[in-house]
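This briefing concerns the structure shown below. Please keep the sequence and the coordinates at hand while reading.

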Amino acid sequence: MFYQSQKMKLECVRIVKKGRTNDILICQDLNCAARNLYTLLVLKEHQTVKQYLEVFERAGLAAQDSYIDSFSDQGAFCMVFPYQQERPLKDFYMGESYTLSECENVCISVIMACITSNLPYPILYLILEQGQLHLAKDHTVCLGYQIDLQELDAEKTERDCAVQCASILRDLLKPRASQKAFSYRLLEKKISRKSYGQLTELYKDIRITAAPGQKRGIRKRIAGWFLRNQDGLFRFLLYVCVILAVLALLSLLFQLILGDIPWLRLFFNGFKTIGTETLVR
């Protein structure tokens, strides 16, 4: 499956979702030697395209400044966004292994990703609502663009984004709520009153109430390392199990065919003869 624009030739490498209003695809650019990956949104309904462009116009933003390329292909309107490696914050965030200070740093990264995004608030709200926040290995947070535009609401404002973001941050801080987490308490209080109207206000609250950095003990650091690298450790153990299973199968075959297992001689018969001398009488 190919999509062609004036400057890009996109080949679909993975279909993320096929929706009623738009499809979400991961593509590589065949015109680029590096074969960079991109997120492609294919809008199939004219009304959705019109609403999407109106959202940018209403916000006073140029739509082309928010994505890499846009073009029409086979009656559909296509938008090319950067590809962000899928590391969903809700799956890769391990608050139990982080200190309160580290949790708050992730929260600040979430807010900064929202504030610095060149997106109108209805689009940003969709990103937050649909869990398109990704946690990099250095604990920074990036926005993803694999969104279903069927739920696009052009009336969403910065207040809606701030409230949604505050709820996400409260969940991130919840594992440390039993500590002196002033940031968590303040979020709880202001969310219940629906006090947040701006993302910058949310940023200031986390900054002001953030706990000072603290060094973790060796046990917590080791536990945290195992939690962060559990996927890699699991793959390593899986490879070891596969190798052992292959060796066991080969041993069985040698035993059935030759009546002996060659590599076991290293352990049982390795020192029977040294040079020209035989040690066994």
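The model is a predicted one. It contains an open sheet of six strands in the order 1-2-3-4-6-5, paired in the antiparallel sense. A search of the whole structure returns zero disulfides. The second largest pocket has a volume of about 220 Å³.

**Sheet organisation**

- The six strands of the open sheet follow the order 1-2-3-4-6-5, with antiparallel pairing.
- Strand 1 (2–4) and strand 5 are the edge strands, each of which pairs on one side only.
- From one strand to the next, the twist averages 35°.
- In general, the strands of a sheet pair through backbone hydrogen bonds, in either a parallel or an antiparallel arrangement.
- Strand 2 (residues 9–18) runs antiparallel to strand 3 (residues 22–29), and seven bridges join the two.
- Within this pair, Glu11 has Gln28 of strand 3 as its bridge partner.
- Strand 4 (residues 37–43) pairs with strand 6 over six bridges, again in the antiparallel sense.
- Thr39 stands opposite Phe81, a residue of strand 6.

**Strands 5 and 6**

- Strand 5 and strand 6 (residues 76–82) run antiparallel and are joined by five bridges.
- Phe71 is positioned opposite Cys78 of strand 6, while Ser72 has Phe77 of strand 6 as its bridge partner.
- In a regular strand, side chains alternate between the two faces of the sheet.
- On strand 5 (residues 69–73), the covered face consists of Asp69, Phe71 and Asp73, and the uncovered face of Ser70 and Ser72.
- Strand 6 is mostly covered, with six of its seven residues buried.
- The hairpin of strand 5 and strand 6 has two residues between the strands, and Gln74 in this hairpin adopts a positive phi near 55°.

**Residues with positive phi**

- Most residues other than glycine have a negative phi.
- Gln74, in the loop between strand 5 and strand 6, has a phi near 55°, a positive value in a residue other than glycine.
- Gln74 counts as exposed because its relative accessibility is 77%, above the 50% cut-off.
- Lys194, in the loop between helix 6 (182–192) and helix 7 (199–209), likewise has a positive phi near 55° without being a glycine.
- Lys194 counts as exposed because its relative accessibility is 63%.

**Second largest pocket**

- The volume of the second largest pocket is about 220 Å³.
- The lining of this pocket is formed by Pro88, Leu89, Lys90, Tyr93, Leu128, Glu129, Gly131, Leu133, Ile168, Asp171 and Leu172.
- Helix 2 (89–92), helix 4 (121–129) and helix 5 (158–173) are the elements that give two or more residues to the lining.
- Helix 5 provides the largest share of the lining, with three residues.
- By residue class, the lining comprises seven nonpolar, one polar and three charged residues.
- Lys90 lies in helix 2 and is exposed, with a relative accessible area of 65%.
- Lys90 and Gly131, both among the lining residues, are 41 residues apart in sequence and 7.6 Å apart in space, C-alpha to C-alpha.

**Cysteines**

- Cys161 counts as buried because its relative accessible area is 0%, under the 20% cut-off.
- The search of the whole structure accordingly lists zero disulfides.

Definitions and conventions
Residues are numbered from 1 along each chain as its sequence is written. This is a predicted model: local features need pLDDT of at least 70, side-chain atom pairs count only at pLDDT 80 or more; totals for chains, interfaces and linings use all residues. Side-chain values use heavy atoms; hydrogens and water are left out. Buried means under 20% relative accessible area, exposed over 50%, partly exposed in between (1.4 Å probe, protein chains only). Helices (H or I, at least four residues) and strands (E, at least two) are DSSP runs, numbered from the N terminus. Two strands pair if DSSP finds at least two bridges between them. Axes are lines fitted to C-alpha atoms, for helices over the stretch in contact, and angles run from 0 to 180 degrees between N-to-C directions. A disulfide is a pair of cysteine sulfur atoms within 2.5 Å. On a 1 Å grid over the protein atoms alone, a cavity is a set of points where a 1.4 Å probe fits but cannot get out, and a pocket is an open set with protein on both sides within 12 Å along at least five of seven lines; lining residues have an atom within 4 Å of a point. Grid points are joined across faces, edges and corners, and a volume is the space filled by probe spheres set on the points. Ala, Val, Leu, Ile, Met, Phe, Trp, Tyr, Cys and Pro count as nonpolar, Asp, Glu, Lys and Arg as charged, and the others, Gly among them, as polar.
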